[in-house]
Structures are given as C-alpha cells and as structure tokens.
Amino acid sequence: MHAPRPRSLRNASLFGLWSLLAALAAGCSSGAHDSSGRGPATPAAEPNGWGTSAEAQSEPGAPPPPAAAPADAGGATAPSPSPAEPSREARSEERPGLATHWGETRSSHVRTTTFDRASGSSPFATATLWYNDRQGARTMAASEGRGRRSFASLELAQGGVTVSLRGEDGSTLPAVSSGGRLVAVGDAGSRYTIQLVNHTPARFEAVVSVDGLDVLDGREATVSKRGYILAPHATVEIDGFRRSESAVAAFRFGSVSGSYAARKGDDRNVGVVGVALFHEAGTEPWPWDENEARRRRNANPFPGRFAEPPP
C-alpha cells in the first residue's frame, strides 16, 4: 500500500500536466511547418502553364485562390479583368506550324501607275509556294511521297518570271520539293520577303497573296484585284502588307494563332503564297507559254528520210 502524496505535490503535478496540454494545443493551432521544424513553410510557387506562377494552397491538390478584386476610389469592388492568355483548352488546340504575322513597319515606297490588262481577271500564269517550319515541311512532303531538298524559287511563263521567298540575309529560303509541291522552310520570328524578277522585255502585273490575304489591302485575295507592276528586266521586292504608299508591315514567321490572318478571324489559308501574272493590253503577249513549250517537247527528230527543197 502506497502512502498518499502530499497535496502540494499533487497540485504541482496537475499544474505541470495542464501546462503540457496547453503547449500541445498551441503547437497544433499554429501554421504549417517545414520538415526541418524551423518555422512556418512558405507557400510554393508552381507554374500554371502560361508562363506565370500562382501560389499553391497549404492543402495538397487545392486550386489556387482567386485574386482579390481591386477597389476603386469610392471603396466599391471592381470586377477582376479577364485573363489575356487563352485557356489551357485553347492552347491545346493550337495549330502547329508557321503562319505570317503583321510585323514591324518598314519603309517601302511605291507610286500609282496605269496598266490595262489584256485578259481581264484571267491570269496567263500562276504560282503557288507553300511554307512551314522544318518538321511541318517534312510532314507535308512525306504525305505526297519522298521529298528532296530544294530552294523556295519557282519559274512562271516558262522562265520569264521568277518568284522566290528570301530570308533576312537576302538568300533564298531552303525548301522541300515533293509531288509538284514546293514547301519553303522558315523559322519562327524571322522575317522574309517575296521577290519577283522579270527576265523579259514585257511589262506584267502581279497580284500577290500571303495566307489568302492580298498583300496590298490585307483583305481576302482575288485575282480581280490590282497588283504590283513588273517593269521589263526589273526586280520587285515585296517586304510586307502595304500600310501606305511609303510603308509596309513586315512579313514575319510565327504561330498560327498570332498570325495576321487569324487575328482577322480566318486562319484556314495560312502557309501559302500565291502569285498571278497578267499581260498588258496592246502589247505582244509573252510567247513562251505552256503551248509553245509542249510543241517543242513533242517535236520529232526524224520525221522523214530525205531533205526536200523549201516551197
């Protein structure tokens, strides 16, 4: 049988027990601690996929808290602005490959002149040049058979006019050729130009489009619109979408969603450059058309046995 402990000792033990319970309760009600026990843990910053960061909740897996709405001068709460960036779903639907952006303003002087077409809205020659990034060009070529390396340059009117896409250094862009399709290879962010070279003594009108948009007015392209005049044996460098008679907005490769066509509401024709050529009325048409080329290809080297005198 144990002797009863003095009352003073029992009171001291009870006081110590209550102190211990109070300390434990205070520890449980304090903030979260890191594993080292050095104090409250700082909320981690986690990327949200848009290039910014959001504070994570202390509870694992909880969504980030909504941003507090700013108050105006009168104390009323102003609504939070809508995010400028697209949603994750919109970004996941981003079309791959390149399109043409509305670039910086560049000096480019033109003047208005007269040109009467011989054939109304029927061009005598057309050219189509596609473009894409490296992987996109390979994919486009593979869908039409094995492609080969080439350069982004085409000849119209049996070599009478040359059309090419050129980089910022002035060199012709590389390309992949497959199935009669020529796909120029570009890099996002780089600038390019469209060069037209007239090798003939004739004067032509060239209507040019980029991503389905006319390079002169930025609207939907049609061959009935007016274009650039190619003087005999001259070169025309088209730097961008025309803003005035003295300036253009440079052509720059970039994403489809940020392209000029997409910003105007229609990106279905991105990745293509078109050129349509017209003869001038009252002048002899350029003789080197497809019909003349075909006749020469079909010429018979041995049509008879002996020479005959001329009629």
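Which residues does Val236 touch, not counting residues up to four places away in sequence? In this predicted model, they are Ile194, Gln195, Leu196, Tyr228, Ile229 and Leu230. Val236 lies in strand S14, residues 235-238. Its relative accessible area is 15%, so Val236 counts as buried, the limit being under 20%. Val236 and Asn198 are 38 residues apart in sequence. In space, their C-alpha atoms are 8.5 Å apart.

The chain has 311 residues, and 30% of them count as buried. Its secondary structure comes to five helices and 17 strands. Contacts between residues at least 6 apart in sequence were also examined. Of these, 71% join residues at least 24 apart.

The largest nonpolar core has 41 residues. Those with the most contacts inside this core are Tyr131, Leu165, Tyr192, Ile194, Leu196 and Ile238. Leu196 is in contact with Thr162, Val163, Ala206, Val208, Leu230, Ala234, Thr235, Val236, Ile238 and Val275, with neighbours within four places in sequence left aside. A second core is separate and has five residues. Among them are Ala137, Val176, Val183 and Val185.

Strand S8 spans residues 174-178. S8 is mostly covered, with four of its five residues buried. Strand S5, residues 148-151, runs antiparallel to S8 and is joined to S8 by four bridges. Across this pairing, Arg149 stands opposite Val176. S8 also pairs with strand S9, residues 181-185. That pairing is antiparallel too and has four bridges. Ser178 has Arg181 in S9 as its bridge partner. The S8 and S9 hairpin has two residues between the strands. Gly179 in this hairpin takes a positive phi near 60°. Arg181 also takes part in a contact between charge and ring. Its charged end sits over the ring of Trp130, 4.1 Å from the ring centre. A second case involves Arg117, whose charged end sits over the ring of Phe278 at 3.7 Å from the centre.

Thr200 lies in the loop between strand S10 (191-198) and strand S11 (204-210). Despite this loop position, Thr200 is buried, with a relative accessible area of 1%. Its side chain makes a polar contact of 2.8 Å with the side chain of Asn198. Leaving aside neighbours within four places in sequence, Thr200 is in contact with Gly160, Pro232, His233 and Trp286.

His233 is found in the loop between strand S13 (228-230) and S14. At 56% relative accessibility, His233 counts as exposed. Its phi is positive, about 55°, although His233 is not a glycine. Asp211 also has a positive phi, near 55°, and is likewise a residue other than glycine. Most residues other than glycine have a negative phi. Asp211 lies in the loop between S11 and strand S12 (213-214). With a relative accessible area of 3%, Asp211 is buried.

Aromatic pairs were then counted, and the total comes to nine. Phe124 counts as partly exposed at 27% relative accessibility. Phe204 counts as buried at 0%.

The rings of Phe241 and Phe251 have their centres 5.1 Å apart. Their planes lie at 85°, so the pair is edge-to-face. Phe241 is in strand S15, residues 240-242, and Phe251 is in strand S16, residues 247-254. The two are 10 residues apart. Both are buried. Phe241 and Phe251 also belong to a cluster linked by ring pairs.

Terms used: Residues numbered from 1 in each chain as written. Predicted model: local features only at pLDDT ≥ 70, side-chain atom pairs only at ≥ 80, totals over all residues. Heavy atoms only, no water. Core = buried A, V, L, I, M, F, W, Y, C linked by side-chain atoms within 4.5 Å. Buried < 20%, exposed > 50% of the residue type's maximum accessible area, 1.4 Å probe, protein only. Contact = heavy atoms within 4.5 Å. Pairing = 2+ DSSP bridges. Polar contact = N/O pair within 3.5 Å; in protein donor to acceptor, adjacent residues only side chain to side chain. Phe/Tyr/Trp six-rings, centres within 6.5 Å; stacked < 30°, edge-to-face > 60°. Lys NZ or Arg CZ within 6 Å of the ring centre and 35° of its normal.
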